[in-house]
Amino acid sequence: MTLDLAQTIAPADIAKQPAPVAGRTATDVLGRIGNLETRVARSVSEIDAAQAVRYRVFAEEMNAQLSPDAVRRKRDIDAWDMVCDHLLVLDTAIEGDAEEQIVGTYRLLRQDIATVSGGFYSQSEFDVDTLIARHADKRFMELGRSCVLPAYRTKRTVELLWQGAWAYSLKHGIDVMFGCASFHGIVPEEHALALSFLHHNVLAKDEWHVSARPELFRTMDLMPPEGVDARKALSAMPPLIKGYLRLGAAIGEGAVVDHGFNTTDVLIVLPIGKISGRYLNYYGADAGRFAS
């Protein structure tokens, strides 16, 4: 999750609260399961609350090294927050305002917004420009900053995050979803089994091939194919990456070490047309499974 604003977006006063993007859809509930619901943030205060949840997960739990201002404010903030939509999962059983009910969040950036706002976040780590140029007829959407509070790391919450992203992508005519996903820690060799499995089995190829930026490239080919136990490799993967693989995602070539966030990142590439039929049937081709 390396952030280099000088390369990708004009510096902004990130100490200020982000303002909602013009035209942002913010009123529809995209799905419900029991007392949990998912929707896009409706206000600056809800975005602020989502940033607080991200701080609790990334800084307090995962030891990300954030800016002094972020630490002072206890918020995970960057300039992309001003141009992204913020998908939320809320526990409506919690008493109080919506800001107090946010238990999970995902950041969504559509290509039409990125094009006029300085680009995609993951461009600082992966050569997504080349991938996008290769598919000029398709609309891309970046997913990032996924996090859920520990008590809510359940199947229901993950299902709602995906339900929200799927419903949102349908609403906006998205053809391809992509984004960084992370292994904890900055030593790729500690994840040799999982990374090697990804390299040998689910690498994005041909028209979908994309690579880490050359100056940041770390090989994922750390074990020979015959030495990779698929069952053990899958069990060693973060739930988010495992979930993407179940949907039918492929992985970019090469990993990137993000010292600031204490992670080893890979790039997820998920063309809508390649999503597993099993999951399309489960959520509904119209995202109607958990719709309100």
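Two strands are said to pair if DSSP finds at least two bridges between them. Helices (H or I, at least four residues) and strands (E, at least two) are DSSP runs, numbered from the N terminus. The structure is a predicted model, in which local features need pLDDT of at least 70 and side-chain atom pairs count only at pLDDT 80 or more, whereas totals for chains, interfaces and linings use all residues. Residues are numbered from 1 along each chain as its sequence is written, and side-chain values use heavy atoms, with hydrogens and water left out.

**Strand β9 and its partners**

Strand β8 (residues 256–258) pairs with β9 in the antiparallel sense over 3 bridges. Val257 stands opposite Thr264 of β9. These two strands, β8 and β9, form a hairpin with 4 residues between them, and Asn262 in the turn has a positive phi of about 60°. Two further strands also pair with β9, as tabulated.

| Strand | Bridges to β9, sense | Residue and its partner in β9 |
|---|---|---|
| β7 (residues 250–251) | 2, antiparallel | Ala250 and Val269 |

Because 9 of the 9 residues of β9 (residues 263–271) are buried, this strand is largely enclosed by the rest of the structure. Buried denotes under 20% relative accessible area, exposed over 50%, and partly exposed the range in between (1.4 Å probe, protein chains only). In a regular strand the side chains alternate between the two faces of the sheet. In β9, Thr263, Asp265, Leu267, Val269 and Pro271 point one way, while Thr264, Val266, Ile268 and Leu270 point the other way, and all are buried.

**Nonpolar cores**

A nonpolar core is a set of buried Ala, Val, Leu, Ile, Met, Phe, Trp, Tyr and Cys residues joined through side-chain atoms within 4.5 Å. The largest such core has 69 residues, of which Trp162, Met177, Leu198 and Val266 touch the most other members. Helix α2 gives the most to this core, with 8 residues. Another core, of 24 residues, lies apart from it and includes Phe120, Phe126, Val210 and Leu267. Contact means heavy atoms within 4.5 Å. Not counting residues up to four places away in sequence, the residues that Met177 touches include Trp162, Ile268, Val269 and Leu270.

**Positive phi in loops**

Most residues other than glycine have a negative phi. Asn63, in the loop between α2 (44–61) and α3 (68–73), has a positive phi near 65°. Asn63 is partly exposed, at 47% relative accessibility. Lys74, in the loop between α3 and β3 (85–91), has a positive phi of about 55°. Lys74 is likewise partly exposed, with a relative accessible area of 45%.
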